[in-house]
Amino acid sequence: MSKPKTYVLASDIHYPHHDSPSIAAFFDFVTRNKATIDGIVLMGDMLDFAEIAHHTSGKPLHRERGSLMRNIEGFDHEILTRLEKLLPGKEKVFILGNHERFLEADLIETQPELEGAISIERLLRLKARGWKVIPLGGSFHKLGHLHVLHGDVITGGIHHTKRAVETWACNVVYGHYHSLSSFTKCAASHESRKWTAWSIPTLGTVRPGYLRGKGNAHIHGFAICYVRTNDDFNLYPVTIVEGRFSYGGEDYGDEKGIKGRTGKANRTKNRRPSAMPKSVSAKAGSKGKT
């Protein structure tokens with residue numbers, strides 16, 4: 001029997017407002033499993049781009065001199081290049097998020113002379129480095145029967161995964177909401193037709209400044225996806241607690257890294273699994289297992 005392909009999915013790093021302990025735990029997993037990982041999917045909002053966002057216009061405290069290139073180069077060095085070195089020759093997908101739009105659209109609206117001269121793909125040389133770039137606005141990447149997108153086009157408030165599966169009528173996973181959620185829809189006329197939507201956690205701070213200390217459901221984490229030869233898949237969302245998590249009977253993350261976190265601790269309790277975490281195995285338009 002052939003082995004399934006393994007993909008790591010990460011969303012909403014919001015560099016430089018990332019959570020350092022969670023990033024360290026994420027890289028610990030990638031480093032220790034690099035031989036079995038077949039691809040990496042970055043699901044949007046990799047950079048925060050607050051320094052050029054429309055909502056910081058006229059607010060110089062958010063627009064530090066030289067911060068745009070400094071943050072792009074920092075993300076390249078600390079995240080992108082590290083992934084490339086760990087996973088040479090593996091599949092690499094970069095999905096644009098609404099924060100990348102601050103660079104690719106919002107900036108152009110006020111300075112149209114820059115159109116064609118500035119973009120995240122150009123600044124990071126993504127295509128030249130072997131990354132498949134997925135544009136913003138409903139575009140997606142497929143991992144077997146699973147559709148992967150950023151999630152900015154999905155609405156529905158706290159019930160966004162319900163809205164996602166009802167709107168897309170397929171298996172879909174996305175970020176954007178910084179929270180962990182899922183919803184499964186079954187066709188009343190044909191019980192074998194089942195689809196699930198997931199939103200996965202963030203690797204950025206769970207205490208963003210724009211919330212001004214308000215409570216939220218943001219949680220740290222990422223996801224792991226196994227795709228079999230018939231395109232069926234299993235998706236395992238991973239939550240990171242205090243810079244650590246357990247998966248497949250192994251602990252990941254460094255307790256020392258907690259001191260460097262940018263956001264406050266995620267207090268959600270995790271139980272160490274005795275076996276693989278619970279997931280939903282699904283096939284588009286066919287019976288899924290829970």
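Residues here are called buried at under 20% relative accessible area, exposed at over 50%, and partly exposed in between, using a 1.4 Å probe and protein chains only. This is a predicted model in which local features need pLDDT of at least 70 and side-chain atom pairs count only at pLDDT 80 or more, while totals for chains, interfaces and linings use all residues. Residues are numbered from 1 along each chain as its sequence is written, and side-chain values use heavy atoms, leaving out hydrogens and water.

Stop 1: Select C186, which is partly exposed because its relative accessibility is 44%. Then go to C225: at 0%, this residue counts as buried. The model has zero disulfides, a disulfide being a pair of cysteine sulfur atoms within 2.5 Å.

**Stop 2: helix α1.** Now select residues 20–33, the 14 residues of α1. Helices (H or I, at least four residues) and strands (E, at least two) are DSSP runs, numbered from the N terminus. From first C-alpha to last, α1 reaches 20 Å, close to the 20 Å expected at 1.5 Å a residue; the expected span is 1.5 Å times one less than the number of residues. Show the side chains of its buried residues: P21, S22, I23, A25, F26, F27, F29, V30 and N33. Among the elements covering them are β1 (5–10), α2 (67–86) and β10 (221–227).

**Stop 3: aromatic rings.** Rings of Phe, Tyr and Trp (its six-membered ring) pair if their centres lie within 6.5 Å; planes under 30 degrees apart count as stacked, over 60 as edge-to-face and the rest as tilted. The structure holds 15 such pairs. Zoom in on Y15 and F75, whose centres are 6.3 Å apart with planes at 65 degrees, so this pair is edge-to-face. Y15 lies in the loop between β1 and α1 and F75 in helix α2, 60 residues apart. Both Y15 and F75 are buried.

**Stop 4: charges over rings.** Where does the charged end of R82 sit? Look over the ring of F27, 3.7 Å from its centre. Next, find K92, whose charged end sits over the ring of W131, 5.9 Å from the centre. The rule asks for NZ of Lys or CZ of Arg within 6 Å of the ring centre and within 35 degrees of the ring normal.

**Last stop: confidence.** Colour the chain by pLDDT, the predictor's confidence in each residue, from 0 to 100. The chain mean is 85, and 87% of residues reach 70 or more. Over residues 257–281, however, pLDDT is below 50. Where pLDDT is low, the predicted coordinates should not be read in detail.

Note on methods
Contact means heavy atoms within 4.5 Å.
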